[in-house]
Amino acid sequence: MEVHKIPTLFGLPEAEKLTELNKGHINRTFLSLCGGERYILQSLNSSVFRAPEAVMDNIRRIEAAFSAETDIAVPHFIACGDKNYAVADGELWRIYNYITATADAAADAAAAGRHFGAFMRITEGTVLNKTPAIERFHDYDRYFAELSALNRTDISLLRIFDSLRDKLGTVFGGSLKKRVIHGDAKPDNVIAGSPACIIDLDTVMYSYAAIDYGDLVRSVCRDTESGLSALDSLTRGFSQGLCGILDGDEINSLYFGILWLTSELAMRYLADSQREEKYFRGKTSAECLARSRQLMAQLNAFTAQSGRINEIIHKHLD
């Protein structure tokens, strides 16, 4: 089925104009003009999301959790019959109304923190589909094993990742609470509108609060000069959004979430730089290697500033 006809499966006119958006790494996304109205039309990448129906079921459940909210939202996917997606030629498609941004979400670290803290609070108690969106996503051991198996990484780097793996295994073991998290928390996944809208819900999963917090810090605090100021604002906002739902052990784990997500992504990019079939669609091996090196520099900065970062976390969340 031709892409411009896909909107008709959702009761909309054919797309008179399609513009492919290349910002995302995974799914094919189009800005679709149908009957004079703008929509976001997406095809889920089935090589990444092996159970796309489960992904859409989780999104339906998240939509339900947000249904009574007025200050923050998630996209509403247009129905095809009794489902929030359609299948054409073996591809799963979904569509929602285009959401206009009124500000740059990346410019306000406190707001980004607040939105993802609120996401965790609003979805608390939501029951997710038992099928994971991505098998072993945010599994540190998985990414370490994959990188090691390629046999092309400097042993000194592998030792850094292995040492951190041991530490994370200690922090994130036992009875530390798991809750519903976004799984890809970054300002790019917030549309700063009225209300703000959290998008890209495909990786919603059960995991630790520190995963979303660590991903936020990694994505916001890239500049070592202004990083601590941004981290302070982000953490303050995160605390405001959470409204006190984290227990003491969760708060103590937050710093280690920063190390986890930064080093995990460094490993993933480094592995992609060494193989033909890449997870990060459209990236060259050289670009993947450069990104991995940037992330290692971030990791070193976060490690060097551990004392100050923990002070900021406990100032806002204790």
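Predicted model: local features only at pLDDT ≥ 70, side-chain atom pairs only at ≥ 80, totals over all residues.
Biologist: How do you know that the length of helix α6 agrees with its number of residues?

Modeller: Helix α6 covers residues 227–242, and at 1.5 Å a residue its 16 residues should span 22 Å. The end C-alpha atoms of α6 are 22 Å apart, so the two values agree.

Biologist: What makes residues of α6 count as buried, and which are they?

Modeller: The cut-off is under 20% relative accessible area. Among the elements covering them are α2 (109–122), α5 (209–220), α7 (248–272) and α9 (306–317). Just after α6, C243 has a positive phi of about 55°.

Biologist: Why are β4 and β8 said to stand at the edges of their sheet?

Modeller: The open sheet has three strands in the order β4-β9-β8. β4 (72–73) and β8 (190–191) each have a single partner strand, so one side of each lacks a neighbour in the sheet.

Biologist: What makes β4 and β9 a pair?

Modeller: Pairing requires at least two bridges. β4 and β9 (residues 196–198) have two bridges, in the parallel sense, and therefore qualify. A73 has C197 in β9 as its bridge partner.

Biologist: Which residues have the most contacts inside the largest nonpolar core?

Modeller: They are I62, F161, Y213 and L246, in a core of 90 residues. Helix α7 gives the most to this core, with 14 residues. A second, separate core has 13 residues, including A15, F30, C34 and A86.

Technical notes: Residues numbered from 1 in each chain as written. Heavy atoms only, no water. Helix = DSSP H or I, 4+ residues; strand = E, 2+ residues; numbered from the N terminus. Expected span 1.5 Å × (residues − 1). Contact = heavy atoms within 4.5 Å. Core = buried A, V, L, I, M, F, W, Y, C linked by side-chain atoms within 4.5 Å. Buried < 20%, exposed > 50% of the residue type's maximum accessible area, 1.4 Å probe, protein only.
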